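This briefing describes selected features of one protein model, grouped by topic. Please consult the sequence and the three-dimensional view alongside the points that follow.

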Amino acid sequence: MRPFVIDTDTATDDAVALVMALTSSDIHVEAITVVAGNVGLEQTVQNALYTVELCGKPVPVYAGADRPLQAKLYTADIVHGKDGLGDIGLPLYGRLPAKGHAVDALLAAANKFRGELTLVTLGPLTNIALAIYLDPSFASKVKRCVVMGGAPDGVGNTTATAEFNIYVDPEAARIVVRSGMPVELVGWDMTLQHAMLTPAENQAIRAHDTE
């Protein structure tokens, strides 16, 4: 089982990614750390907790940074809905995250699985940058850091050239990319080329009789 920590600003696409990881037979999700991004922190935490509950997995969810390092928080609720999960009436409230801060959870996981941990980031990189700031050796303890972010072909989804996760906290992204951590950027171009579902694929997914 590969040990994972997933850092997320849980909205629609992130929830799908969490379901994929939590139901995988070869991934152990040690923790889910949450950052403000697609929607505010309180809502992103509730969305992560709901997704974990839906999958029936006892994975701790930790609240992290509620704003970027320097800039004012820019959200994407116009895309994901005010609740981040499409405003379809899900009960996204009332659940309690694990005690402690997401950054401390990141540092603890890196120490526990030194040289083995896969870190997957699905939102702005604020929590990761703060972990590096508190303990620069954190970067060297992560085996693999897969970042959903960037627009290497220069075509963005937030401005003409900027991808959302990097745009929200570019200072954090700069810290992470320059930290020496083995970073793999999975950019917006990859989403457009490989992650868009056809109507037939959507229908096939909806046909599965599961929650």
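The side chains of D7 and N127 are joined by a polar contact of 3.0 Å in this predicted model. D7 belongs to strand 1, and its relative accessibility of 0% is under 20%, so D7 counts as buried.

**D7 and its surroundings**

- Leaving out residues up to four places away in sequence, D7 touches T33, V34, V35, L106, V120, T121, L122, G123, P124, N127 and I128.
- D7 and L119 lie 112 residues apart in sequence, while their C-alpha atoms are 7.5 Å apart in space.
- The bridge partner of D7 in strand 4 is T121, and T121 in turn stands opposite V147 in strand 5.

- An open sheet is formed by six strands in the order 3-2-1-4-5-6, with parallel pairing.
- Strand 3 and strand 6 (183-186) are the edge strands, each pairing on one side only.
- On average, neighbouring strands of this sheet are turned by 20° against each other, direction ignored.
- Helix 4 (residues 102-112) packs on the sheet, where it touches strand 1 (2-8), strand 2, strand 3 and strand 4. The direction of helix 4 makes about 155° with that of strand 2.
- In general, the strands of a sheet pair through backbone hydrogen bonds, in either a parallel or an antiparallel manner.

**Strand 4 and its partners**

- Strand 1 and strand 4 are paired in the parallel sense over four bridges.
- Strand 4 (residues 117-121) also runs parallel to strand 5 (residues 142-148), to which five bridges join it.

**Helix 1**

- The buried residues in helix 1 are D14, A15, L18, A21 and L22.
- Viewed down the axis of helix 1, its buried residues fall within an arc of 125°, so they line one face of the helix.
- These buried residues of helix 1 pack against strand 1, strand 2, helix 2 and strand 5.

**Helix 2**

- Helix 2 (residues 41-55) contains 15 residues and reaches 21 Å from its first C-alpha to its last, close to the 21 Å expected at 1.5 Å a residue.
- The buried positions in helix 2 are L41, T44, V45, Q46, N47, A48, L49, Y50, T51, V52 and C55.
- Helix 1 (12-22), strand 2 (27-34) and strand 3 (61-63) are the elements against which the buried residues of helix 2 pack.
- Just after helix 2, G56 takes a positive phi of about 70°.

**H80 in helix 3**

- H80 is located in helix 3 (residues 77-80) and is buried, with a relative accessible area of 10%.
- The side chains of H80 and N38 are joined by a polar contact of 3.4 Å.
- Apart from its neighbours within four places in sequence, H80 is in contact with A11, T12, D13, N38, L85, G86 and D87.

- D87 lies in the loop between helix 3 and helix 4, and at 45% relative accessibility D87 counts as partly exposed.
- The phi of D87 is near 55°, a positive value in a residue other than glycine. Most residues other than glycine have a negative phi.
- R95 is placed in the loop between helix 3 and helix 4, and its relative accessible area of 16% is under 20%, so R95 is buried.
- Not counting residues up to four places away in sequence, R95 touches Q46, L49, Y50 and E53. Among these, Q46, L49 and Y50 are buried residues of helix 2.

Methods: Residues are numbered from 1 along each chain as its sequence is written. This is a predicted model: local features need pLDDT of at least 70, side-chain atom pairs count only at pLDDT 80 or more; totals for chains, interfaces and linings use all residues. Side-chain values use heavy atoms; hydrogens and water are left out. Helices (H or I, at least four residues) and strands (E, at least two) are DSSP runs, numbered from the N terminus. Buried means under 20% relative accessible area, exposed over 50%, partly exposed in between (1.4 Å probe, protein chains only). A polar contact is a pair of N or O atoms within 3.5 Å; within protein, one must be able to donate a hydrogen and the other to accept it, and residues adjacent in sequence count only if both atoms are side-chain atoms. Contact means heavy atoms within 4.5 Å. The expected span of a helix is 1.5 Å times one less than its number of residues. Two strands pair if DSSP finds at least two bridges between them. Axes are lines fitted to C-alpha atoms, for helices over the stretch in contact, and angles run from 0 to 180 degrees between N-to-C directions. The arc is that of the directions from the helix axis to the C-beta atoms.
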